[in-house]
Amino acid sequence: MIKTFIYENDPKNILIYDAAGINRIFIDLEINGKAERQAKVDTVINNHRISDIAEARKVIKNSKLLVRVNPLNHNSEEEINNVIKGGADIIMLPMFKYPEEVKKFIEFINMKAKVCLLFETSEAFCRVDEILKINGIDEAHIGLNDLHLSMGLDFLYEPMVYGQVEFMANKFKEHNIPFGVGGVAKINEGELKGEIIIKEHARIGSTAVILSRSFKSKVGLNDVKNEVQKIQTVFLKALSSPENILYENKILLDKTVKKILKKLNTRHLDFYKDLNN
């Protein structure tokens, strides 16, 4: 099974998602620096609050409660303590660059919740070996949105095409750390279909994915259980597929992403256009 996460702070919706088999209800407190980082991409900053954690905790019966805090700062210890008091099962650290940040984060949690690291900076990518030697990391997630921005790339799935995601996946597997990658929309919608992405998760060993804003906007509350089951069906079938079939899917992923890139007004295309004039 692949674990599914969904951003939500409304208790009424949480009840539905919890009953639909979504594995993680995701409260997102991160706001520091996010608007500036993602100013040029189509993204959403969630308006979640500390108080949402306790309200979510009251209604959750099956799912785990995951909370993303702000990048490490002078208020982090207080923020993390409040998140723990609210009832978080897992706490996620975003935008870290140094092993020292991870060590301090783990120290603040003090084994009172599970530790999840969100790898989304080029600095963390380069220092992954040193970071993963730290004791106390329970799981990891690769954040494609900020990672592709940090690397100066043009499309969030480029790190999946050009090997950076698989490089990280192999590092996590070396350290026996379960991990997930990015997000996914509906299984059969869009040019880069969710089915292609989920099959790639199976190939590289990823066991978690975020249900994207597009998923939430296009899937009615009454259809969530059915759509989540479709994701699980594709994932489980891919796990039992021959290696060559999964590599064929990887080739399709690469071709689809490169086709999308050609449609974008990318910096490198503008550069070559100017170079030829």
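Predicted model: local features only at pLDDT ≥ 70, side-chain atom pairs only at ≥ 80, totals over all residues.
## Overall build

The protein contains 15 helices and nine strands. Its radius of gyration is 19 Å, close to the 19 Å that the globule rule gives for 277 residues, so the protein is as compact as a globular protein of that length. Along the principal axes, the C-alpha trace spans about 60 × 40 × 35 Å.

Of the 277 residues, 50% count as buried. The accessible surface of the protein comes to about 13700 Å², and carbon and sulfur atoms hold 51% of that area. Among contacts with a separation of 6 or more, 70% are between residues 24 or more positions apart.

## Helix α5 and its cover

Helix α5 covers residues 99–109. Which of its residues are buried? They are P99, E101, V102, F105, I106, F108 and I109. An α-helix has 3.6 residues a turn, so residues three or four places apart point the same way.

Several elements cover the buried residues of α5, including the helices α4 (76–86) and α7 (128–132). The strands β4 (90–93) and β5 (114–119) also belong to this cover. After α5 comes N110, which has a positive phi near 55°.

Helix α7 includes L132. L132 counts as buried because its relative accessibility is 5%, under the 20% cut-off. Leaving aside residues up to four places away in sequence, L132 touches F119, I137, K171, F172, H175 and I177. One of these, F172, is 40 residues from L132 along the chain, and the two C-alpha atoms are separated by 7.7 Å.

N23 lies in the loop between α1 and β2 (24–28). Is N23 buried or exposed? With a relative accessible area of 17%, N23 is buried. Leaving out residues up to four places away in sequence, N23 touches M1, I2, K3, T4, S63, K64 and Q232.

## A nonpolar patch on the surface

On the surface, L15, I16 and L221 form a nonpolar patch. Together they have about 220 Å² of accessible area. L15 is found in helix α1, which covers residues 11–19. The relative accessible area of L15 is 43%, so L15 is partly exposed.

## Cysteines

A disulfide is a covalent bond between the sulfur atoms of two cysteines. How many disulfides does a search of the whole structure find? The search finds zero. Two cysteines can still be described by their accessibility. C116 is buried, with a relative accessible area of 0%, whereas C126 counts as exposed at 66% relative accessibility.

## Salt bridges

Side chains of opposite charge can pair when their charged atoms come close. A search of the whole structure finds 17 salt bridges. The table gives three of them.

| Salt bridge | N to O distance |
|---|---|
| D52 and R49 | 3.9 Å |
| R57 and D89 | 2.9 Å |
| E123 and K97 | 3.8 Å |

In the pair of D52 and R49, D52 counts as buried at 6% relative accessibility, while R49 is partly exposed at 49%.

The salt bridge between R57 and D89 has an N to O distance of 2.9 Å. This pair links distant parts of the chain, 32 residues apart. R57 sits in helix α3 (residues 50–59), and D89 sits in the loop between α4 and β4. R57 is partly exposed, with a relative accessible area of 26%, and D89 is partly exposed with 22%.

E123 forms a salt bridge with K97. E123 is partly exposed, with a relative accessible area of 26%, and K97 counts as partly exposed at 32%.

Finally, salt bridges that share partners join D28, E30 and R68 into one network.

Technical notes
Residues numbered from 1 in each chain as written. Heavy atoms only, no water. Patch = residues over 30% accessible without salt bridge, like charges linked within 9 Å, V, L, I, M, F, W, Y side chains within 5 Å. Areas by Shrake-Rupley, 256 points an atom, 1.4 Å probe, with all protein chains shown as cover. Salt bridge = Lys/Arg side-chain N within 4 Å of Asp/Glu carboxyl O. Helix = DSSP H or I, 4+ residues; strand = E, 2+ residues; numbered from the N terminus. Buried < 20%, exposed > 50% of the residue type's maximum accessible area, 1.4 Å probe, protein only. Disulfide = S-S within 2.5 Å. Rg over C-alpha atoms; globule rule 2.2 N^0.38 Å. Contact = heavy atoms within 4.5 Å.
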